[in-house]
Amino acid sequence: MHLSTHNWMRAEPLEVTLKRIKKFGYESIEISGEPEQYKTKETRALLKEHGIRCWGSVTLMLGERNLAAKNQGQRERSVQYVKDVLTMVSELDGEIITLVPATVGKVVPDGTEAEEWGWVVDATRECFTHAKKVGVRIAVEPLNRFETYLFNRGAQALALADAVSPECGVCLDAYHIHMEEFNVYDAIRQVGKRLFDFHVADNNRFAAGLGQIDWPKIVRTLKDIGYDGALTNEFVAPVDRTPAAPYPEMVERNPVDISPEQLKFIQDHGSSVLTEKFYTDQMRITAETLLPLIK
């Protein structure tokens, strides 16, 4: 196992992110799933310069991106988006994408259970075919019920993976499974060898170590099933707008270099643009919590 991180949680130059995570002992990164933001040749050079490899990417299912959409054109555009993310990861020598099949924040179905299952299976199979072509693995990620109605538990993600291919896998996120699973450790064991990626944030979605999750037991369980991939940092710290705020200086009041869509995505997660100091502290705390457990 090794320590990785997403970078979609704060809009900043990639070079700034790489310098920070290298200092704290991160080995890889899951690049934000926005292929138009990255020129892969330049990004490869930056990764090499800072000694950080691309582990993969996560699909940012914003707006109309939805593999389970009723509208065929919408599904086709969503498939093309996932293919573009897969191609980007391949060109960065990455290994994996974590696939969130449906629009984040959408909690109302488009059709019957049978209809939506057919749509999402067919769309994911097409994505998987492209993934095989470019040499990147797909891991289906379930989110909590307040972010999607479709896939909330590991067993559901595994069912989609099974319907696509024995070579399709699952990504679990510590934050989500502590909300949705009957037993988080059994959920990890059930996915077993099909676990391709594991995202980390504490039960309050702050950095690992700032909540109630039993990280030593989580890491032991991952070792028990032979997991040897990344623990990918994905804290989305909630903003407290009251006088009770424990971190009153966490929000960047004059953000730059962030698109309205990305800002909305972060705000829809209950967070905001974080100051560099607060963000850096969260990265450090995660590393200090997890590195001793995985080495």
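User: What makes S2, helix H2 and S3 a right-handed β-α-β unit?

Analyst: Keep in mind this is a predicted model. The pieces are strand S2 (residues 28-33), helix H2 (residues 40-50) and strand S3 (residues 53-59). A crossover is called right-handed if, with the strands pointing away from you, the path from the first strand over the helix to the second runs clockwise. S2, H2 and S3 make a unit of that hand. The chain then crosses from S3 through helix H3 (residues 72-91) to S4, and that β-α-β crossover is right-handed too.

User: How do you know that S2 and S3 pair?

Analyst: Pairing takes at least two bridges, and S2 and S3 have six, in the parallel sense.

User: Why is S3 called largely enclosed?

Analyst: Buried means under 20% relative accessible area. Six of the seven S3 residues are buried, so the strand is largely enclosed by the rest of the structure.

User: Which residues touch the most other members of the largest nonpolar core?

Analyst: Leu67, Ile138, Phe198, Ile218, Leu222 and Leu231, out of 90 residues. Leaving out residues up to four places away in sequence, isoleucine 218 touches His178, Val184, Tyr185, Ile188, Phe198 and Ile213. Apart from that core lies another one, of six residues, including Ile96 and Phe196.

Notes: Residues are numbered from 1 along each chain as its sequence is written. This is a predicted model: local features need pLDDT of at least 70, side-chain atom pairs count only at pLDDT 80 or more; totals for chains, interfaces and linings use all residues. Side-chain values use heavy atoms; hydrogens and water are left out. Buried means under 20% relative accessible area, exposed over 50%, partly exposed in between (1.4 Å probe, protein chains only). Helices (H or I, at least four residues) and strands (E, at least two) are DSSP runs, numbered from the N terminus. A nonpolar core is a set of buried Ala, Val, Leu, Ile, Met, Phe, Trp, Tyr and Cys residues joined through side-chain atoms within 4.5 Å. Contact means heavy atoms within 4.5 Å.
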